[in-house]
Amino acid sequence: MEIVTFAETLRNVFDGTIIVQKALSAITRTGQQIGTSMLIDILRGSFSAELTEKGYDKLKTFGAGRDIPARDWQDYLLQMLQIGYFEIAYNENNHLKVTEIGNDVLFGRQKAKLVIIKRDENENRKGRKMKIVTNQELSLEVSPTKNKDLFEALRRVRKQLADQEAIPAYIVLSDKVLHLLSISRPMTIEAFGNISGIGEFKKKKYGKEFVEVIRQFE
């Protein structure tokens, strides 16, 4: 599987406003009380005992994204997290929370751009060879406790670094980047630098400290 980074594919974008609106609308209509697996089930119109018990099959957005494969939804949701259209509340079982800029897209005040997902598949008996245009293929559904503990540990490191330089914590790394780090868990400084929102300067300046913390959560 070949992974193509976000930075390498900026030109391969399209107007993803409708896709983003469908996802954010589903999150909002559930009272922002769902994780990504349930969100994808709602969008795909996939029935489950929990889904029907909560009445999510009655939502206007139920099945609104059935034309998009579940795997592609996973990739699009990762892009939406990177851009900052929603956040993950680790202290609430990984529930998704729509952000201010997410609301701007949801209510039509702003357009949303997404990177095209390209899959070149050559099937054989042993499997498939795929090329995926996205930041990286990750699961957003990780143990809430592990995610929350790592996220809080990363925040503490960020605060220490910010205090040393007498600058606001968000100047070191934004919460959005910390979310991505807690999901992707890069174990090397090079991998740390591949996270969206981390440039060469921050990779060299802060990579060692953050990677050391992440390694403790293997």
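**Salt bridges and buried elements**

K97 forms a salt bridge with E92, and their closest N and O atoms lie 2.8 Å apart. E92 has a relative accessibility of 31% and therefore counts as partly exposed. The model under discussion is a predicted one, and 10 salt bridges are found in it. Side chains of opposite charge can pair when their charged atoms come close.

A further group of these pairings involves helices α9 and α10. The side chains of E190 and K203 meet in a salt bridge with an N to O distance of 2.9 Å. This pair links distant parts of the chain, since E190 belongs to helix α9 (residues 189-193) and K203 to helix α10 (residues 200-215), 13 residues apart. E190 is exposed, with a relative accessible area of 52%, whereas K203, at 8% relative accessibility, is buried. K203 also forms a salt bridge with E200, the closest N and O atoms being 3.2 Å apart. Because E200 and K203 are 3 residues apart in helix α10, about one helical turn separates them. E200 is partly exposed, at 46% relative accessibility. Together with K204, the residues E190, E200 and K203 are linked in a network of salt bridges.

Helix α8 (residues 175-184) is largely enclosed by the rest of the structure, because 8 of its 10 residues are buried. Among them are V177, L178, H179 and L180. Just after α8, R185 adopts a positive phi of about 50°.

Finally, N12 lies in the loop between β1 (2-4) and β2 (13-15). Its relative accessibility is 16%, so N12 counts as buried. Leaving aside residues up to four places away in sequence, N12 touches L114, V115, I116 and K118.

Methods
Residues are numbered from 1 along each chain as its sequence is written. This is a predicted model: local features need pLDDT of at least 70, side-chain atom pairs count only at pLDDT 80 or more; totals for chains, interfaces and linings use all residues. Side-chain values use heavy atoms; hydrogens and water are left out. Helices (H or I, at least four residues) and strands (E, at least two) are DSSP runs, numbered from the N terminus. Buried means under 20% relative accessible area, exposed over 50%, partly exposed in between (1.4 Å probe, protein chains only). Contact means heavy atoms within 4.5 Å. A salt bridge is a side-chain nitrogen of Lys or Arg within 4 Å of a carboxyl oxygen of Asp or Glu.
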